Each structure stands twice: as structure tokens, then as C-alpha cells.
Amino acid sequence: MTRKKLIAGNWKMNKTSAEAVALALEIVQAAGKQSEVDIVVCPPFTALESVSKAVDGSLVKLGAQNMHFEASGAFTGEVSAPMLRAFFATHVILGHSERRSLFGETDELVNRKVLAALKNQLRPIICVGESLAEREAGSTLKVVQAQTEKALEGVSRELAPAIIIAYEPVWAIGTGKVATTEQAQEVHAFIRGILTKLLGEALAQRVRILYGGSMKPANAPELLAQKDIDGGLIGGASLEARSFLELVRAAAGAA
Ligand code: PGA
């Protein structure tokens, strides 16, 4: 089973609408026609509409960084799946560790969002990963298992192929400390095993598992060559076209 590699840029709280369009256009110009690697850009909410127009007509896809699980209502400051769909978003990052640690998102909440995304034909990029303290305590696999199983509770076999998992060791995010290829592949294979148990072998082989956490052009080729690493969720290195495009090329080279 060959899974098409996916490189997703998580722009976090960076870039005005105009800056986001400029970056999106550079990516479209250089890689908007290639179909070897799936590319998703995830700008902040305020740039979704303008970036949607910038990537229109190209193969670059649009994702959001979060959403609420309800479709509408009295949820001040929140944005819903139908609103994202109205901008032609196809993906949404859910349960990023920054959402979990800084904004109190629980496994239960992430699960509700995953189900809402799937119901609205959005592909959730579900983030899981252990903190430094959890890794040092030897509980990495236990933490990742609990997060993954809870996030996928109630996901039907029919909708399961739409999900994407991102393994992001919290200690590697934005720190320059990348997991070794062995550390990453071990957890990716473990997640594949959880998916196999939940969904069966055939479906589990179809789900892409991305690595995230200081992925850069220098370390990407080795990570992307691992059997169960199907792409990257990129923070820092996605904020400039040059490094992001290098990662796309690395993924194409590893395909
Ligand atoms: P980083 O962020 O590439 O800057 O480590 C990854 C992420 O948080 O998704």
C-alpha cells in the first residue's frame, strides 16, 4: 500500500491576510500543479477567504487550524465547520498540542470536533503527542494511545479513510529538537497498530500519519523515508515558501 505523502503548513497565529496571500501565491506558483504530494496550507481564520481565492484553480488545498463542533449558535469567538466549508476548506487541524495545553482542549472535546468535521466533509488532521515529562516517565505510548482512541471514538468505518493523524511530540514543537527517526517511526508504527485494531488492516493502511515537530529541509528526507511516516505537519518551516517547498520536494523524493 503506497500512501500519497502530505505536507501541511500550520501557519499558527502568523500572517495578515495580505501576507498570507503572498505566501500562498508563491506556493501555488511553484507547486500548484504537481500531484505527487498533497499540499495543504492552514492560515489563520482571518486569511482563509483570501487564501482560498489564491489557491483556487491549483492543487493546493486549504485547511483551518481549529473549529467548534456545533454548526452555529451562541459561541462567541468560535468558527464552525459549515463556515469553513463556505471558504472551500477541505481540512482542519484538531487537537493541536497548543490548543490542548493553552486553551484547555480535552480528548473528549477533540473527539466531538473530529465527528463534526467528518459530518461536514472536512478531513480532520488529528494531533496527538506526549510532553517531555511524559516521555521521560516512559508513558509516551500510553498517552498517544489514549489520545488516538478517544479522538476516533464513534468514527464510522465509512468515514475513517478521511482522517489524518499527526504525531507531534510536544517537546519537539518549535524547539528545534526533532525526534530521531527511530523515535518517530516507533510511535507511527504504534499508531498504525491502534488504527488496525480499531478499523481493520485495510483501512488502517490507508490512513496517513504525519510527523510534526521541528521538521525542516535538513531532517525531512530521513523522517519521510520511514515506513509509517506519510508526511509532515510543519510550523516554523512553513512560514517561508522556500523552506516549505523544499519539504514538498523532500516528500516527493521519498514517495
Ligand atoms: P514546528 O511546529 O514545525 O514549528 O515545530 C509544528 C506544529 O506545531 O504543527
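Start with Asn 10: an N or O atom in its side chain sits 3.5 Å from an oxygen atom of the ligand. That counts as a polar contact, meaning a pair of N or O atoms within 3.5 Å. His 96 also uses its side chain, with an N or O atom 2.7 Å from a ligand oxygen. Gly 174 uses a backbone N or O atom, 2.7 Å from an oxygen of the ligand. The protein covers 97% of the 280 Å² of accessible area that the ligand has on its own (Shrake-Rupley method, 1.4 Å probe).

A word on the source. This is a predicted model, where local features need pLDDT of at least 70 and side-chain atom pairs count only at pLDDT 80 or more, while totals for chains, interfaces and linings use all residues. Residues are numbered from 1 along each chain as its sequence is written, and side-chain values use heavy atoms, with hydrogens and water left out.

Now the whole shell. 13 residues surround the ligand, each with a heavy atom within 4 Å of it. Among the closest are Lys 12, Glu 168 and Ser 214. Four of the shell residues are nonpolar, seven polar and two charged. Here Ala, Val, Leu, Ile, Met, Phe, Trp, Tyr, Cys and Pro count as nonpolar, Asp, Glu, Lys and Arg as charged, and the others, Gly among them, as polar.

Back to His 96. Where is His 96 placed? In the loop between strand E4 (91-94) and helix H4 (97-103); helices are DSSP runs of H or I with at least four residues, strands runs of E with at least two. Is His 96 buried or exposed? Buried, with a relative accessible area of 4%; buried means under 20%, exposed over 50%, with a 1.4 Å probe and protein chains only.

Definitions and conventions:
A polar contact is a pair of N or O atoms within 3.5 Å; within protein, one must be able to donate a hydrogen and the other to accept it, and residues adjacent in sequence count only if both atoms are side-chain atoms.
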